[in-house]
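Welcome! Open your viewer, get the selection tool ready, and follow along one stop at a time.

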Amino acid sequence: MDSQLLLVLLLLLLGASGPRGQGPGPGGPEEEPPEEEPPEEDGILVLSQRTLGLALRRHRALLVQFYAPWCGHCKALAPEYSKAAALLAAESTKARLARVDGPAETELTKEFAVTEYPTLKFFRDGNRTHPEEYTGPREADGIAEWLRRRVGPSATRLEDEEGAQALIDGRDVAVIGFFQDLQDEDVATFLALAQDALDMTFGLTDQPKLFQKFGLTKDTVVLFKKFDEGRADFPVDEELGLDQGDLSRFLLTHSMHLVMEFNSQTSPKIFAARILNHLLLFVNQTLAPHRDLLAGFGEAAPPFRGQVLFVVVDVGADNNHVLQYFGLRAEEAPTLRFINIETTKKYAPADGGPVTAASVTSFCHAVLRGEVKPYLLSQEVPSDWDQRPVKTLVGKNFEQVAFDETKNVFIKFYAPWCSHCKEMAAAWEALAEKYEDHEDIIIAELDATANELEAFPVHGFPTLKYFPAGPGRKVIEYKSTRDLETFSKFLDNGGKLPAEEPTAPLPETRANASTEPKEEL
């Protein structure tokens, strides 16, 4: 009986598992398909819906770029992304870079709420549900450093004077947190901030001899720099503790030179400084009399630190776009201009007197007290402004045309360099030709980079506004598809689209140069 029972058991087992190598028998549970090994290109993992899970389990720190093959910004990022992967691999940093073709992997773009390209997300310890949004630099060194500070310490532990001095000497800007208790929650705040302040190097210490060396008795964050005052202290509030926002603003303000020179390398930091008021001195650095003015300009700067950012613009360098923005010619240098970058209001000195420390100080105070009126840019009205189907508007004839109570006026506010504006130019021209014989309809355009309107600040290009006939100065912003058919329906329906017409968000070029380049889906 025992041998018969054993035979039955063997048969049952074979029936449950199926023939060898053929999986389960009829009616049995299906096996999960084997996970695929993600392929690599230039040291970057190429992920899909089937390979993301395995990559997250294998790599505790994974930065994933969602891209589109047609996206120009993605193409510009690609070589830097590959270089960053090579840098991290060379030093055996435990972080990997990956990418996902967004249009081909729609399930993943939906899961991670990807709405524009490129979008980068950082996954830590295999956590698929709460990735960190990447907002760091777009060049290789910055990408690599951003990851280093997440997989390793964001600040160096300092034990002696030699280590502290080496940290201070190693970079133009170094930040040391002096904390009597390294387990204090203020230290966690300090380290969290250090993760993202990539242009500074960070250290921390609890050593009494280092407190004494640098003349400190209480918890303090000290910024050391090789320029201007050399050092700036941020004492930790004993009652409220360390506020990350306050410390971030302090470090950003004091890590900048009192006087910044505007160029392609410094402009991102200038716009990111969160100092809304900028005073610009336009000079030609090749001329000795112009260079002599820099000392007085810098002398006036210290009392305004944190309130007004002093900037030098060399008109002899590649800064024509800045001159154009302020309505200046290179021959007008040396001259001062003041701008609030939030309101975009611009101010000029009332007189053309010499640029001295006293005159700079007086001009700044006058603007801040509201004693100087802003000026608006406007080109001259072209003699043939109304001779083409698309009428040409400038600041000086805008009011007269846009608010003509007998006309329905449809205006495109554009920038000459804006790609989205160029893409819709043909449709706009066709629209103007179609309605050229309608006496009550005007199709017009205004270069918003050369003409400013106090009542209509333009923050993105193109911006389309419809000014219906009649009293009341009504304005309707157009936000639908930019093609002849939809434009025509909008006009024929009195400045609104028929109810069945969807209105979807459209790509635009932001007017603020500090924004990250991305393309919407």
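**Stop 1: the largest cavity.** Select T253, M256, H257, L258, I275, A301, F304, R305, G306, V308, L309 and F310, which line the largest cavity. Keep in mind that you are looking at a predicted model. The space inside this cavity comes to about 80 Å³. A search of the whole structure turns up one cavity of 30 Å³ or more. Now colour the lining by residue type: eight are nonpolar, three polar and one charged. Which strand gives the most to this lining? Highlight residues 308–314: strand β15 gives the most, with three residues.

**Stop 2: N408.** Next, click on N408, which sits in strand β19 (residues 408–414). Is N408 buried or exposed? N408 counts as buried because its relative accessibility is 15%, and the cut-off for buried is under 20%. Show the side chain of Y466 too, and you will find a polar contact of 3.1 Å between the side chains of N408 and Y466. Beyond four places in sequence, N408 also touches other residues, including D440, I441 and F467.

**Stop 3: confidence.** Finally, colour the chain by pLDDT. The mean is 89, and 89% of the residues reach 70 or more. Select residues 220–225 to see strand β11, the element with the highest mean pLDDT (98). For the lowest, 46, go to strand β25 (residues 519–520). Where pLDDT is low, the predicted coordinates should not be read in detail.

Technical notes. Residues numbered from 1 in each chain as written. Heavy atoms only, no water. Helix = DSSP H or I, 4+ residues; strand = E, 2+ residues; numbered from the N terminus. Buried < 20%, exposed > 50% of the residue type's maximum accessible area, 1.4 Å probe, protein only. Polar contact = N/O pair within 3.5 Å; in protein donor to acceptor, adjacent residues only side chain to side chain. Contact = heavy atoms within 4.5 Å. pLDDT = per-residue confidence, 0-100. 1 Å grid on protein atoms, 1.4 Å probe; cavity = no way out; pocket = protein on both sides within 12 Å on 5 of 7 lines; lining within 4 Å. Points joined across faces, edges and corners; volume = space filled by probe spheres on them. Nonpolar A, V, L, I, M, F, W, Y, C, P; charged D, E, K, R; others polar.
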